Amino acid sequence: MAGAQCCENAPTLNPSYGAGIVEDFGGLKTYISGPRDSKFAILLVADVFGFDAPNLRKLADKVGAAGFLVVVPDFLYGEPLVQNNPNKTVQAWLADHPTDKAAEDAKPVLEALRNKGVSKIGAAGFCWGAKIVVELAKHAHYIDAAVLFHPSFVTLDDIKEIKVPISILGAETDHSTPPELIKQFDEALKAKSEVDSFVKIYPGVAHGWAVRYKNDDEEAVKRAEEAHKVALDWFGKYIS
């Protein structure tokens, strides 16, 4: 579930960051990177801080450089979570940004990719965004593979409904989705022989480590990049 860790280490948002461009796509303002004519696309779903986070865009550019068309929609409609906001609590913000609505908003984006000639689509979600990816992964026709980074709001029942290959990358220190729950996810997926899965709990890291690291912390950068490589390899296996 959501906890204080979901809101820690907030990035300094920068709407001009990245090698890609921002334009309307599938009805949403979207950061787009990678070759526009690629037949293979990756949807990245941000955490509560939204699509202007530099580390997220850096990852989008990395995935794009691997040959994928990458789309990072603004599912928050220009209203990322603001820490210690006296006018809106975290719970009020979450109520205004339900994950089920974002999952519905993702479907026109996926349709726009298909209409461009994309043949396979992967999706990766971070924290809040992981729940959106899980909802899409419950059906075989929206996406072809999924990756969850330090998920929030995802339940064991959700995992039991997964229909596409999925990789779940959890943190050793995570109050939102603790290692004990990640292990239950792993067991449930192993019981589904028809769905390929990879589950790992990263030692020495906390919730948010994959995108909320400090760039001057070499060890933190290394650990994030290790997880990024796992995700890229997963997509290389199934989105090709």
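User: What makes the reach of helix H1 close to the one expected?

Analyst: Helix H1 covers residues 54–65 and reaches 16 Å from its first C-alpha to its last, close to the expected 16 Å. The expected span is 1.5 Å times one less than the number of residues, and H1 has 12 residues. Helices here are DSSP runs (H or I, at least four residues), numbered from the N terminus. Please keep in mind that this is a predicted model, where local features need pLDDT of at least 70, side-chain atom pairs count only at pLDDT 80 or more, and totals for chains, interfaces and linings use all residues. Residues are numbered from 1 along each chain as its sequence is written, and side-chain values use heavy atoms, leaving out hydrogens and water.

User: Why is H1 called largely enclosed by the rest of the structure?

Analyst: Because nine of its 12 residues are buried. Buried means under 20% relative accessible area, with a 1.4 Å probe and protein chains only. Among the buried ones are Leu56, Leu59 and Val63.

User: Why is H1 called oblique to H7?

Analyst: H1 and H7 pack at an angle of about 40 degrees, their axes 11 Å apart. That makes H1 oblique to H7: angles under 35 degrees count as roughly parallel, over 145 as roughly antiparallel, 65 to 115 as roughly perpendicular, and the rest as oblique. Axes are lines fitted to C-alpha atoms over the stretch in contact, and angles run from 0 to 180 degrees between N-to-C directions.

User: Which residues of H1 and H7 meet?

Analyst: Leu59, Lys62 and Val63 in H1 meet Glu225, His228 and Leu232 in H7, where contact means heavy atoms within 4.5 Å.

Definitions and conventions
Helix = DSSP H or I, 4+ residues; strand = E, 2+ residues; numbered from the N terminus. Buried < 20%, exposed > 50% of the residue type's maximum accessible area, 1.4 Å probe, protein only.
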